[in-house]
Amino acid sequence: MLRQTFFVASCLGALNLYFAEDTILQILSGLLVLFSLGISIVWPEPLPPPPAPDLWSDAPVKKERKMKTCSSCGKAVDLKWTMCPYCSKRV
Ligand SMILES: [Zn+2]
């Protein structure tokens, strides 16, 4: 959309350059034509196309941790632990 707008601006500047009789106006219109035509050519596309939906990989399977329960407070602690982190007693 922005490129078309700059292209239209350059066309208007060309018309202005054609009809202008003053030298300063002709110079300004020529600058406008060059500037807006250059921008309408060089301006990049606003957004790249979205990636294909099958590019997303599946989430890894959740690893199950081996747990046991604390004998004094009853909370779940890791199987390898010897001390409970909640009540600091021996599991
Ligand atoms: Zn505990």
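## Basis of the model

The structure is predicted: local features need pLDDT of at least 70, side-chain atom pairs count only at pLDDT 80 or more, and totals for chains, interfaces and linings use all residues. Residues are numbered from 1 along each chain as its sequence is written.

## Overall layout

The protein has two helices and two strands. Along the sequence they follow the pattern α-α-β-β. Helices (H or I, at least four residues) and strands (E, at least two) are DSSP runs, numbered from the N terminus.

The C-alpha trace spans about 100 × 30 × 15 Å along its principal axes. The radius of gyration is 35 Å, whereas a compact globule of 91 residues would have one near 12 Å. That radius is taken over C-alpha atoms, and the globule rule is 2.2 Å times the number of residues to the power 0.38.

Buried residues make up 4% of the 91 residues. A residue is buried if 20 or more other C-beta atoms lie within 10 Å of its own, exposed if 12 or fewer, and partly exposed in between; the C-beta atoms are placed from the backbone. Among contacts with a separation of 6 or more, 20% join residues 24 or more positions apart. Two residues are in contact if their C-beta atoms, placed from the backbone, lie within 7 Å.

## The helix pair

Helix α1 covers residues 2–19 and helix α2 covers residues 23–42. Their axes come within 8 Å and cross at roughly 160°. That makes α1 roughly antiparallel to α2. Angles over 145 degrees count as roughly antiparallel, under 35 as roughly parallel, 65 to 115 as roughly perpendicular and the rest as oblique. The axes are lines fitted to C-alpha atoms, for helices over the stretch in contact, and angles run from 0 to 180 degrees between N-to-C directions.

The crossing of α1 and α2 is left-handed. In such a crossing the near helix is turned anticlockwise from the far one by less than a right angle; clockwise would be right-handed. From α1, the contact is made by R3, F6, F7, A9, S10, G13, A14, N16 and L17. From α2 come Q26, S29, G30, L32, V33, S36, L37, I39 and S40. By class, the contact has nine nonpolar, eight polar and one charged residues. Ala, Val, Leu, Ile, Met, Phe, Trp, Tyr, Cys and Pro count as nonpolar, Asp, Glu, Lys and Arg as charged, and the others, Gly among them, as polar.

## Residues along the helices

V33 sits in helix α2. V33 is partly exposed because 19 other C-beta atoms lie within 10 Å. Neighbours within four places in sequence aside, V33 is in contact with S10, G13, A14 and L17. V33 and A9 are 24 residues apart in sequence, and their C-alpha atoms are 7.5 Å apart.

L28 is also found in helix α2. L28 has 15 other C-beta atoms within 10 Å, so L28 is partly exposed.

Q4 belongs to helix α1. Q4 counts as exposed because it has 9 C-beta neighbours inside 10 Å. Q4 and S36 are 32 residues apart in sequence, and 10.0 Å apart C-alpha to C-alpha.

S88 lies in the segment after β2 (76–78). S88 is not a glycine, yet has a positive phi of about 55°. With 9 C-beta neighbours inside 10 Å, S88 is exposed.
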